[in-house]
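Please keep the sequence and the coordinates at hand while reading.

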Amino acid sequence: MTRYDTNAAWSDPFEPKKADQRVATRFKFRLKLSIKAQSEEDTPRILIGPGIIRNLSVTGAWLVTKHKLSVGQRIVVSIPTKRFAVAEYLPAMFIGPAEIVRTKPDIESRMWVGVRFGDALTQNMEFATFVQGLFSLREKKKKKEA
């Protein structure tokens, strides 16, 4: 009798495949943030500068920045909360590590960057509440425009 691994991952050919394999729901939202990264030049130095989130989820974001970043690079993001009504009971800023998972150069020395947030953000209930609040604000705005 041949033994086989009953815990091995497999895909059921009779189940439809998901079009989006993301862990968390993402949505479009423009939001400024600050990025802190170490340069990859001959003389490494800390770079701190702005970025703009274009879409967001609890686990990551797609953003644009003028930083020259590369896949696998670790950065620190600072996301302010003060300009949103949902932030009354939240900290003034969420700060946490993130990893670059995708990059795409753009015109004007900009770079599109996909980041995956670290546990300091993804495991933070206040951060999840903040992201859900932003999603709710966006949905309310959409309904008013319709």
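## Basis and overall make-up

A residue is called buried when its relative accessible area is under 20%, exposed when it is over 50%, and partly exposed in between, with a 1.4 Å probe and protein chains only. By that criterion, 35% of the 146 residues of the protein count as buried. The model is predicted, and local features therefore need pLDDT of at least 70, side-chain atom pairs count only at pLDDT 80 or more, and totals for chains, interfaces and linings use all residues. Residues are numbered from 1 along each chain as its sequence is written, and side-chain values use heavy atoms, with hydrogens and water left out.

The protein contains two helices and six strands, where helices (H or I, at least four residues) and strands (E, at least two) are DSSP runs numbered from the N terminus. Read from the N terminus, the order of the elements is β-β-β-β-β-β-α-α. With a contact defined as heavy atoms within 4.5 Å, residues 24 or more positions apart account for 59% of the contacts that have a separation of 6 or more. The accessible surface, computed by the Shrake-Rupley method with a 1.4 Å probe and, for residues, with only the protein chains shown counting as cover, comes to about 10,600 Å², and 54% of it belongs to carbon and sulfur atoms.

## Strand pairing

Two strands are taken to pair if DSSP finds at least two bridges between them. On this basis β4 and β5 pair in the antiparallel sense over seven bridges, and serine 78 stands opposite isoleucine 95 in β5. Seven bridges also join β5 to β6, again in the antiparallel sense; here proline 105 stands opposite methionine 111 in β6, while glutamate 99 has arginine 116 in β6 as its bridge partner. β5 and β6 form a hairpin with five residues between them, and glutamate 108 in the turn has a positive phi of about 60°.

β6 is also joined to β3, by six bridges in an antiparallel arrangement, with valine 113 in β6 as the bridge partner of leucine 63. Six of the seven residues of β6 are buried, so this strand is largely enclosed by the rest of the structure.

## The nonpolar core

A nonpolar core is a set of buried Ala, Val, Leu, Ile, Met, Phe, Trp, Tyr and Cys residues joined through side-chain atoms within 4.5 Å. The largest one here has 27 residues, and Ile75, Ile79, Val115 and Phe117 are those with the most contacts inside it. At least two residues of this core come from each of β1 (27-38), β2 (46-56), β3 (60-65), β4 (74-80), β5 (93-105), β6 (111-117) and α2 (125-145). β1 gives the most, with five residues.

Isoleucine 79 shows how these parts meet: leaving aside neighbours within four places in sequence, isoleucine 79 is in contact with Leu31, Leu33, Ile53, Ala92, Met93, Phe94, Phe117, Phe127 and Phe130.

## Aromatic rings

Rings of Phe, Tyr and Trp (its six-membered ring) pair if their centres lie within 6.5 Å, and planes under 30 degrees apart count as stacked, over 60 as edge-to-face and the rest as tilted. This rule gives a count of four aromatic pairs. Tryptophan 62 and tryptophan 112 form a stacked pair, at 5.8 Å centre to centre and 20° between the planes. The pair links distant parts of the chain, with tryptophan 62 in strand β3 and tryptophan 112 in strand β6, 50 residues apart. Tryptophan 62 counts as buried at 16% relative accessibility, and tryptophan 112 counts as buried at 16% as well.

Phenylalanine 94 and phenylalanine 130 form a tilted pair, with 5.7 Å centre to centre and 40° between the planes. Phenylalanine 94 lies in strand β5 and phenylalanine 130 in helix α2, so the pair ties together parts that are 36 residues apart in sequence. Both phenylalanine 94 and phenylalanine 130 are buried, and Phe94, Phe117, Phe127 and Phe130 form one aromatic cluster.

## Two glutamines

Glutamine 73, in the loop between β3 and β4, is buried, with a relative accessible area of 8%. Not counting residues up to four places away in sequence, glutamine 73 touches Ala37, Gln38, Glu40, Lys68, Ala98, Glu99 and Ile100. Glutamine 132, in helix α2, is partly exposed, with a relative accessible area of 46%.
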